[in-house]
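Let's go through this model together and ask what stands behind each label. Have the sequence and the 3D view at hand.

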Amino acid sequence: MAEQDQAQRLQWNQQIIEEFRANKGVVGGPFAGGTLLLLTTRGARTGEQRTMPLAALPAGEGQWAVFAANGGRPTRPGWYYNLLAHPTEVTVEIGTETFAAVAADAEGEQRAALWAAQLARLPALEEFQATAPGPIPVVVLTRQ
């Protein structure tokens, strides 16, 4: 069952990635009207390149925040572990731009401000937090 769920998530993600690239960063469905980016990381265990569509929030000049909520699952998403293992091997696609970035966990006041701003946009994050194994990490991607 878990393998089937994983395969369905991968297929769904691939459809979003294709729609994003075909429409210059604009997608419909649950991401319609929001800011979406494609995050490419190097696998922590496999070393393979992985691309994930993620809801994002501007976090400052040349910075974007992403939230490791994992759709409310009680585990961290794989991309988060990839960023921990390889924080400088990151590519971001947003709109029609593609650039290298460095990833770092937001902390303290920065994390609180970004969390509050994203929670206002996506209230479901509160539900996801209830099932998370601790505070949901907020990751800042800084353009290089």
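**What is behind the labels**

Q: What makes tryptophan 115 count as buried?
A: Its relative accessibility is 12%, and buried means under 20%, so tryptophan 115 counts as buried. Please keep in mind that this is a predicted model.

Q: Why is the pair of phenylalanine 67 and tryptophan 115 called tilted?
A: A pair of aromatic rings is described by the distance of the centres and the angle of the planes. Here the centres are 6.3 Å apart, and pairing asks for centres within 6.5 Å. The planes stand at 55°, which is neither under 30 degrees (stacked) nor over 60 (edge-to-face), so the pair is tilted. The structure holds 4 aromatic pairs.

Q: What makes the pair of tryptophan 79 and tyrosine 80 edge-to-face?
A: The angle between the planes is 85°, and over 60 counts as edge-to-face. The rings lie 6.5 Å centre to centre. Tryptophan 79 has 7% relative accessibility and therefore counts as buried; tyrosine 80, with a relative accessible area of 9%, is buried too. Trp79, Tyr80 and Tyr81 form one aromatic cluster.

Q: How do you know that the length of α3 fits that of a helix?
A: At 1.5 Å a residue, its 14 residues should span 20 Å. The C-alpha atoms at its ends are 20 Å apart, so expectation and model agree.

Q: Why can the buried residues of α3 be said to line one face?
A: The buried residues in α3 are Arg111, Leu114, Trp115 and Gln118. Looking down the helix axis, the buried residues fall within an arc of 105°, so they line one face. An α-helix has 3.6 residues a turn, so residues three or four places apart point the same way. The face turned away from the buried side of α3 carries the exposed residues Glu109 and Ala120. The cover over the buried residues of α3 includes β2 (49–60), β3, α4 (124–131) and β6 (138–143).

Q: Why is glutamine 110 neither buried nor exposed?
A: Glutamine 110, found in helix α3, has 36% relative accessibility. Buried needs under 20% and exposed over 50%, so glutamine 110 counts as partly exposed. Leaving aside neighbours within four places in sequence, glutamine 110 is in contact with Gln63 and Val140.

Q: What makes arginine 143 sit over the ring of phenylalanine 99?
A: The charged end of arginine 143 is 4.2 Å from the ring centre, and the distance cut-off is within 6 Å.

Q: How do you know that the radius of gyration agrees with a compact globule?
A: With 144 residues, a compact globule would have a radius of gyration near 15 Å, and the protein has 14 Å, which agrees. The C-alpha atoms fill a box of roughly 35 × 35 × 35 Å along the principal axes. Of the 144 residues, 38% count as buried.

Key: Residues numbered from 1 in each chain as written. Predicted model: local features only at pLDDT ≥ 70, side-chain atom pairs only at ≥ 80, totals over all residues. Heavy atoms only, no water. Phe/Tyr/Trp six-rings, centres within 6.5 Å; stacked < 30°, edge-to-face > 60°. Buried < 20%, exposed > 50% of the residue type's maximum accessible area, 1.4 Å probe, protein only. Lys NZ or Arg CZ within 6 Å of the ring centre and 35° of its normal. Helix = DSSP H or I, 4+ residues; strand = E, 2+ residues; numbered from the N terminus. Expected span 1.5 Å × (residues − 1). Arc of directions from axis to C-beta. Contact = heavy atoms within 4.5 Å. Rg over C-alpha atoms; globule rule 2.2 N^0.38 Å.
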